[in-house]
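Please look over the structure below before reading on.

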Amino acid sequence: MDLLSNLALGFSVATSLENLGFCLIGVLLGTLIGVLPGIGATATIAMLLPITFQLEPVSSLIMLAGIYYGAQYGGSTTAILINMPGESSSAVTALDGYQMARKGQAGAALAIAALGSFFAGTVSTFLVAVFAPPLTVVALKFGAAEYFSLMVLGLVMSIALAHGSVIKALAMVVLGLLLGMVGTDVYTGTPRFTFGIPNYADGLNFVALAVGVFGIAEILRNLENEGDREVLTKKVGRLWPSRAQMREAFGPVLRGTGIGSVLGILPGGGAVLAAFASYTMEKRVSKNPREFGQGAIAGVAGPESANNAGAQTSFIPLLTLGIPANPVMALMIGAMIIQGIVPGPDVAAEQPRLFWGIIASMWIGNLMLVVLNLPLIGLWVRLLQVPYFVLFPIIMAMCAVGVYSVASNTFDLYAVAGFGLLGYLMSRLRLEPAPLLLGFVLGPLMEENLRRAMILARGDATTFVTRPISATLLVLTVIVLVVVLLPAVRRGRDEVFTESDG
């Protein structure tokens with residue numbers, strides 16, 4: 001009965017006229033940036049963080065959540081129609097979706113992607129509603145030592161599941177941790193790494209870092225590749241799959257939902273890893289694996305269900321533990337902090353309208369996406385014909401105005417420019433920015449919990465291995481490190497991410 005009453009509270013919050021409006025704005029904007037290649041949910045949410053400062057907490061988080069899972073829908077549209085994934089998680093959908101479009105089955109592919117995503121979103125939203133409250137109860141038993149160990153595990157998982165070199169991912173985490181230490185020491189009040197610059201006394205601006213590394217850097221990358229963009233529109237045809245196609249897609253949708261629901265919870269996993277894991281599984285269980293890459297409907301249904309389920313369940317560690325599972329969730333934590341909300345297990349008890357309102361809005365947002373996406377396909381394709389040199393000045397202006405509006409500090413504009421150049425340099429060196437952002441967000445929290453645990457234990461470092469939960473988390477951390485360094489695992493990991501990059 002508690003679950004039903006809580007869901008009733010959530011739907012009463014999510015169905016208010018104001019929140020329905022922000023949910024609609026979120027999913028439409030998410031679909032739009034998912035359709036437009038090279039922008040992405042992370043960059044868009046980073047750019048919109050300053051705007052959320054002016055909104056009610058629940059409204060702002062509902063809108064940002066809608067952008068995130070809306071982008072998973074939008075990315076599949078261009079992946080299927082023009083072989084150009086709008087989101088990285090939709091790259092695998094292009095393998096078979098585009099081949100279906102070439103055979104005149106674009107409508108069926110789009111419908112399967114939308115219906116599979118809606119089913120996965122419904123199931124994963126239910127899982128969030130069922131498992132989040134018990135996890136908050138468990139999380140309330142966590143002390144400083146347990147939180148520190150959990151964050152260490154989260155960062156190690158993000159390294160293990162990051163694209164490319166493990167060493168490069170580790171370097172990005174370390175850089176993020178170092179950037180997070182800039183400012184005034186919480187316990188002693190001593191300035192650290194400020195180089196005598198007063199603007200650094202309160203630490204680096206999270207919004208400036210996020211907008212620079214993801215937003216400005218993304219614009220610079222797109223400008224570099226502007227000459228390579230080519231828009232090819234395809235005839236969509238009938239928008240409903242046949243009964244045979246529905247039967248063929250049923251199993252992949254179920255399996256993709258299960259894979260995405262699990263992998264979405266893992267730090268660094270999320271929608272991208274879920275989509276590729278689903279595609280790999282479908283290819284292995286298929287009676288005709290040679291069909292994959294030639295227009296197999298399972299190659300669309302499974303990954304699209306998996307990436308949407310992964311996007312939804314990544315909210316579980318955010319809402320229960322205050323730990324981000326991916327860069328978008330790190331930005332969501334930033335939005336909560338901007339609103340004066342401390343992420344963690346207390347949110348469910350102290351902010352039940354916020355907690356359950358976000359969960360209920362996920363299902364409403366997914367319903368909106370199914371109803372809106374298919375009729376608007378023609379509009380999304382036409383938007384791809386807008387030259388990027390028209391779009392990027394508008395995006396740059398929004399970034400500048402948004403960052404300045406947070407604290408009305410001109411120094412933040414210089415910081416955005418600096419972080420934008422850093423992000424662009426990282427992309428040239430094939431350094432992934434996601435581990436950097438996770439390190440920056442978790443760094444101050446890790447330091448605070450480390451020092452608090454040491455103070456409570458009177459300097460005895462064994463407290464981290466003598467407390468059962470903390471010790472278990474550290475053992476899991478060591479296991480993850482050992483597994484990812486095994487030669488066979490490293491080879492398999494490299495193959496997966498090489499395929500995803502292609």
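The points below are grouped by topic.

The model is predicted. The protein has 23 helices and two strands, and 54% of its 502 residues are buried.

**Overall make-up**

- The accessible surface of the protein comes to about 21,400 Å², and carbon and sulfur atoms hold 67% of that area.
- Among contacts with a separation of 6 or more, 79% are between residues 24 or more positions apart.

- Side chains of opposite charge can pair when their charged atoms come close.
- The count of salt bridges in the model is seven.
- One of them joins aspartate 185 to arginine 451, with 2.7 Å between the closest N and O atoms.
- Aspartate 185 counts as buried because its relative accessibility is 8%, under the 20% cut-off.
- Arginine 451 has a relative accessibility of 24% and therefore counts as partly exposed.
- Arginine 451 also forms a salt bridge with glutamate 447, where the closest N and O atoms are 3.1 Å apart.
- Glutamate 447 and arginine 451 are four residues apart in helix H20, so about one helical turn separates them.
- Asp185, Glu447 and Arg451 belong, together with Arg192, to a network of salt bridges.

- Arginine 255 and glutamate 282 meet through their side chains in a salt bridge, at 2.9 Å from N to O.
- This pair links distant parts of the chain, 27 residues apart: arginine 255 is in helix H10 (residues 243-263) and glutamate 282 is in helix H11 (residues 270-285).
- Glutamate 282 is buried, because its relative accessible area is 2%.
- Arginine 255, at 33% relative accessibility, counts as partly exposed.

- Val475, Leu476, Ile479 and Val483 make up a nonpolar patch on the surface, and their accessible area together is about 310 Å².
- Isoleucine 479 is located in helix H22, and its relative accessible area of 44% makes this residue partly exposed.
- Leucine 481 lies in helix H22 too, which covers residues 468-485.
- With 40% relative accessibility, leucine 481 counts as partly exposed.
- Leucine 481 and leucine 153 are 328 residues apart along the chain, and their C-alpha atoms are separated by 9.6 Å.

Conventions:
Residues are numbered from 1 along each chain as its sequence is written. This is a predicted model: local features need pLDDT of at least 70, side-chain atom pairs count only at pLDDT 80 or more; totals for chains, interfaces and linings use all residues. Side-chain values use heavy atoms; hydrogens and water are left out. Buried means under 20% relative accessible area, exposed over 50%, partly exposed in between (1.4 Å probe, protein chains only). Patches are made of residues with over 30% relative accessible area and no salt bridge: like charges are joined within 9 Å, nonpolar side chains (Val, Leu, Ile, Met, Phe, Trp, Tyr) within 5 Å. Accessible areas come from the Shrake-Rupley method with a 1.4 Å probe; for residues, only the protein chains shown count as cover. A salt bridge is a side-chain nitrogen of Lys or Arg within 4 Å of a carboxyl oxygen of Asp or Glu. Contact means heavy atoms within 4.5 Å.
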